[in-house]
Amino acid sequence: DFGRKFMFSATETFVAAGSCFAQHFVRELSARGGNVLIGEQRHPLISEDTQHGCGVYSARYGNIYTVRQLLELLQQALGVRNTIYEISRRSDNRWIDMLRPRAVPMGFSSEWHAMADRNYHLKVVANLVKSMDILVYTLGLTESWVNKKHDFCYPIVPGAISGDFSPADHEFKNFNTSETIHDLQRVFDLILSFNPRAKFLLTVSPIGLVATAEPRNVVVSTTVSK
């Protein structure tokens, strides 16, 4: 049955997350009257530029490329998993949260500041999950880089923006179909355990991969990923 599963009402609230295409979805949905929750607002004393990272998504989590990354974020936010702190100093001496390295372009003034902001960020995500009506998630990639010792994935390979890549600590992971479906089901189950009324709208990003860690042309990896 390919019929309509549910409809949206003007009063329902949306939370958006996912790959970079989700940013466009947020803007269009808001422009068309959709009620998009924004949990991390720009402070009025901060200028209206992109360096603070607010308003791009419902929270400052940046691009969430893989379902595993989304699952691990939710697990931390909802207290199912201990908070993961991996903070690195950038070349300009600003500090970066390695689990969202592009979410706050200006970076942080200290490691403590970055850790405190992560704690606040996770509380915001938890509140969004509990208060939203609909999660819009844009699936983007299946390729990821994993911390071998602590078993968590990064949105971007360590060393690309900050930190150092080490074959002893990091490994490439390309999630297959069954793993992705399994992670999606875990995401749904986790959210519904805290918010039984939640509904889910999945989209797939039409934007191709910029690069691939597989030994093949990036066009092939884009096709496989989608």
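The legends below describe close-up views of a predicted model.

Residues are numbered from 1 along each chain as its sequence is written, and side-chain values use heavy atoms, with hydrogens and water left out.

**View 1. The buried residues of helix α1.** Helices (H or I, at least four residues) and strands (E, at least two) are DSSP runs, numbered from the N terminus. Helix α1 spans residues 21-31, and its buried residues are A22, V26 and L29. These three residues cover an arc of only 75° around the axis, which puts them on the same side of α1; the arc is that of the directions from the helix axis to the C-beta atoms. An α-helix has 3.6 residues a turn, so residues three or four places apart point the same way. Buried means under 20% relative accessible area, exposed over 50%, and partly exposed in between (1.4 Å probe, protein chains only). The cover over the buried residues of α1 includes β1 (13-18), β2 (35-36) and β5 (134-139), where contact means heavy atoms within 4.5 Å. After α1 comes G33, with a positive phi near 95°.

**View 2. The parallel sheet.** Four strands form an open sheet in the order β2-β1-β5-β9, with parallel pairing; two strands pair if DSSP finds at least two bridges between them. β2 and β9 (199-204) are the edge strands, each pairing on one side only. Helix α1 packs on this sheet and touches β1, β2, β5 and β9, its direction making about 160° with that of β1. Axes are lines fitted to C-alpha atoms, for helices over the stretch in contact, and angles run from 0 to 180 degrees between N-to-C directions. The parallel strands β5 and β9 are joined by six bridges, and T138 has T203 in β9 as its bridge partner.

**View 3. The antiparallel sheet.** A further open sheet has three strands in the order β7-β6-β8, with antiparallel pairing. Its edge strands, β7 (152-154) and β8 (170-174), each pair on one side only. From one strand to the next, the twist averages 45°. Strand β6 (residues 143-147) is mostly covered, with four of its five residues buried. Five bridges link β6 to the antiparallel β8, and V146 stands opposite E171 in β8.

**View 4. The hairpin of β6 and β7.** Four residues lie between β6 and β7 in this hairpin, and D151 in the turn has a positive phi of about 55°. The two strands pair in the antiparallel sense over three bridges. In β7, F152 stands opposite N147, and Y154 stands opposite W145.

View 5. Helix α2 gives the most, with four residues.

Conventions. Predicted model: local features only at pLDDT ≥ 70, side-chain atom pairs only at ≥ 80, totals over all residues.
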